[in-house]
Amino acid sequence: MHVAFLESQPTAGESLRHVVENLGHRCTAVRTLSHAWALVHEDPPYVVFVTLNDSNKDALQFLEKVQSLDDPFPVIVLSPQPCLEDAVQAMQRGAQDFWVLPVDEERVQQTLLWLEERRKANETKERVPSTTSGDNIVTSNPAMLKLKSIALKVASSHATVFIQGESGTGKELFARFIHRHSRRARGPFLAVNCAALPENLLESELFGFEKGAFTGANRLRKGKFELAHQGTLLLDEITEIPIHLQAKLLRVLQEGEIDRLGGRYPVPVDVRVVSTTNVDAAAAVREQRFRKDLYYRLNVIPLKIPPLRERLDDIPVLVNHFLQRFQQTLGTSTVKASPQALKKLQDHPWPGNVRELENVLQRAVLLSDNPVLEPEDLEFDPVETPQDASPLPLMSLEEMERRMIQKALADTDGNRTRAAHILGISVRTLRNKLHEYAQDLPDNY
């Protein structure tokens, strides 16, 4: 494994280099930031040890540049003396760890052994054709880079991660990123959309069932928890799980075992749970729609992804990323966007976030043969705009809610998923409202 050292002083990490070399790794030492960055491109290391100098400037700049990569490599910061402020700055910028010199040889050996295992696991996965669209997090936004560094840092732990953010912001990308950089990377990654399944199917989907558990159960079926054994299970839209199933889920997280439907004995499982939601989870707890004890059990590592409208500096890099992907997958000829097109994209509110941006760009490149994307090539999905400037008549909140549901369904041709997105509620909540207002809404809704 290639290990690099960025040292402003020649003797700063000399003893550590000898330890690393004695462990059988190839070492390269550079003195300046420019030489380190050249090495990254010419002979990429798998891990870099960076020694702090008087100003710490080179080390922090190097960390920031590494985190801007699609697939950042581990960077361990070395310091000749303990300093809490230096450690915090380094970890905030994405350092894998912060070590005070001299370092115990056993710690070096254990860390490099784990990194070597992770490298081999990633190489194994890369040789297997992927059926997904990729799990790289493309960003240059400081807030997103910080989230990415936190995700990378906690990936090696067993802690549950709770990812919150609007639809289309990339919550599943973060979940896959965490799995790929974890010690479970060789294990399965499975995802369950908790809002997409009816309540009676969700329990069997998660926990499985025994033969004869109910009518039609003619064989044993393992649930997602068992299938994800020694891997990662993503519970998408977890706040939509019914209360009684939340209690069962809490027991799984606490005890590490599941009860199949109709089963007589618990089944042990070893699963890392990552959960996501596009609603305010704390508000769901206050409204007693989500158990407080489950919330705290899941929210060990919280990640809140900002919407695209709050990180417009990401639009140029995302545009380049998607245009390159479309060239490879669709054979399109568009290679970049003009400044005017980028300006138009940055002026849009993006209610659908990155997913909407991808759709807009895909539509544009499929309909255009030009190498450069222009403003006239861009067509946005219609967003809600006021059509009537007359004063809103007074009415009860219940009546206003009913009218808004009717309008959202009418404007989306009865598409409940899109209507729920426009209204800012979950599909399950919309379904419950439709049941309440069944007598007042048209039959086809």
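Here is our chat about this model.

Me: Before we start, what kind of model is this?

Reply: This is a predicted model, where local features need pLDDT of at least 70, side-chain atom pairs count only at pLDDT 80 or more, and totals for chains, interfaces and linings use all residues. Residues are numbered from 1 along each chain as its sequence is written, and side-chain values use heavy atoms, with hydrogens and water left out.

Me: Let's pick a helix. What span should α6 have?

Reply: Helix α6 covers residues 142-154, and its 13 residues should span 18 Å at 1.5 Å a residue. The expected span is 1.5 Å times one less than the number of residues. The end C-alpha atoms of α6 are 18 Å apart, which agrees.

Me: Which residues of α6 are buried?

Reply: They are M144, L145, L147, K148, S149, A151, L152 and V154.

Me: What happens at the start of α6?

Reply: There, a side-chain oxygen of N141 comes to within 3.0 Å of the backbone nitrogen of A143.

Me: New topic: where is the cis peptide bond?

Reply: It joins L101 and P102, with omega about -5 degrees. P102 sits in the loop between β5 (97-100) and α5 (105-127). Most peptide bonds are trans.

Me: What about phi of W350?

Reply: Phi of W350 is near 50 degrees, a positive value in a residue other than glycine. W350 is in the loop between α14 (339-347) and α15 (353-367), and is buried at 0% relative accessible area. N353 also has a positive phi, near 60 degrees; this residue lies in helix α15.

Me: Last one: how do α16 and α18 cross?

Reply: The axes of α16 (residues 397-411) and α18 (residues 427-436) come within 11 Å and cross at roughly 115 degrees. Axes are lines fitted to C-alpha atoms, for helices over the stretch in contact, with angles from 0 to 180 degrees between N-to-C directions. E401, I405 and L409 of α16 make the contact with L430, K433 and L434 of α18, where contact means heavy atoms within 4.5 Å.

Terms used: Helix = DSSP H or I, 4+ residues; strand = E, 2+ residues; numbered from the N terminus. Buried < 20%, exposed > 50% of the residue type's maximum accessible area, 1.4 Å probe, protein only. Polar contact = N/O pair within 3.5 Å; in protein donor to acceptor, adjacent residues only side chain to side chain.
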